[in-house]
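Good morning, colleagues. May I ask you to look at the model on the screen before we turn to helix packing and pockets.

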Amino acid sequence: MATGRTHRPATRSRGIPEATVARLPLYLRALTALSERSVPTVSSEELAAAAGVNSAKLRKDFSYLGSYGTRGVGYDVEYLVYQISRELGLTQDWPVVIVGIGNLGAALANYGGFASRGFRVAALIDADPAMAGKPVAGIPVQHSDDLEKIIEDNGVSIGVIATPAGAAQPVCDRLVAAGVTSILNFAPTVLTVPDGVDVRKVDLSIELQILAFHEQRKAGEESAAGADGSGPVAAAHKESAEQGPDGDVPAVMPA
């Protein structure tokens, strides 16, 4: 099987927008679920709802792949799974190294979804000498002193950083110098990389802070509505009460 080091996806050269690329995994997840249920075809409306986008955007995205579906029939599920997998580079083997085998790194190593999506965890790397040789998810942890050799021996082009913030940039620099051109960063810091290196950042604390903002806003709206008896929540409850238990107007919750 080909390795990720020598075969890179052609999405950019084919002019597929980055926003479309970011949605392709959502479509693939929804399509894979349909495939597992042996659903042969799906309409753009059904697939868009499953992926959480609108159908017009979905049809536009698929037009970049040269896939337009069949009027009255929809899209062939199995063919779309193959088409999107090929476009994302998932029809080949991508060896990945995870650097930083603390709680988060160990959890990532144990994640079973990598292999089924075309990613092979080739090595686990940590700076703690006490971790060297210890198996995590059946893979012995290797010391960071050997990082460059590990990258070369395994033909790795994708690295995952799960180190503390202070260690992330030096690890990133070593990965890039060793030939890694794509990095998934879980460390709570912004990485600086040269042109030609792609970085995707996953910051769980930021996502929680965004959710906290929405929770606070909803609580504020409910409080305001309760204080003056007006506002969308109070109005909805009032109208619902006037309709009675069998009325046509459902209770409305804040967005």
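At roughly what angle do the axes of α1 and α4 cross, and within what distance do they come? The axes cross at roughly 145 degrees and come within 9 Å. Please note that this is a predicted model, in which local features need pLDDT of at least 70 and side-chain atom pairs count only at pLDDT 80 or more, while totals for chains, interfaces and linings use all residues. Residues are numbered from 1 along each chain as its sequence is written, and side-chain values use heavy atoms, with hydrogens and water left out.

On terms: helices (H or I, at least four residues) and strands (E, at least two) are DSSP runs, numbered from the N terminus. Axes are lines fitted to C-alpha atoms, for helices over the stretch in contact, and angles run from 0 to 180 degrees between N-to-C directions.

The contact (heavy atoms within 4.5 Å) involves L24, Y27, L28, L31, T32, L34 and S35 of α1, together with V77, E78, L80, V81, I84, S85 and E87 of α4. By class, this contact of α1 with α4 has nine nonpolar, three polar and two charged residues. Here Ala, Val, Leu, Ile, Met, Phe, Trp, Tyr, Cys and Pro count as nonpolar, Asp, Glu, Lys and Arg as charged, and the others, Gly among them, as polar.

Next, α1 (residues 18-36) packs with α2 (residues 44-51) at about 110 degrees, the axes being 9 Å apart. That makes α1 roughly perpendicular to α2, a term that covers 65 to 115 degrees. The crossing of α1 with α2 is right-handed. L26, Y27, A30, L31 and L34 of α1 meet L47, A50 and A51 of α2. The residues of this contact of α1 with α2 comprise eight nonpolar, no polar and no charged.

The lining of the largest pocket divides into 23 nonpolar, eight polar and nine charged residues.

Terms used:
Angles under 35 degrees count as roughly parallel, over 145 as roughly antiparallel, 65 to 115 as roughly perpendicular and the rest as oblique. A crossing is left-handed if the near helix is turned anticlockwise from the far one by less than a right angle, and right-handed if clockwise.
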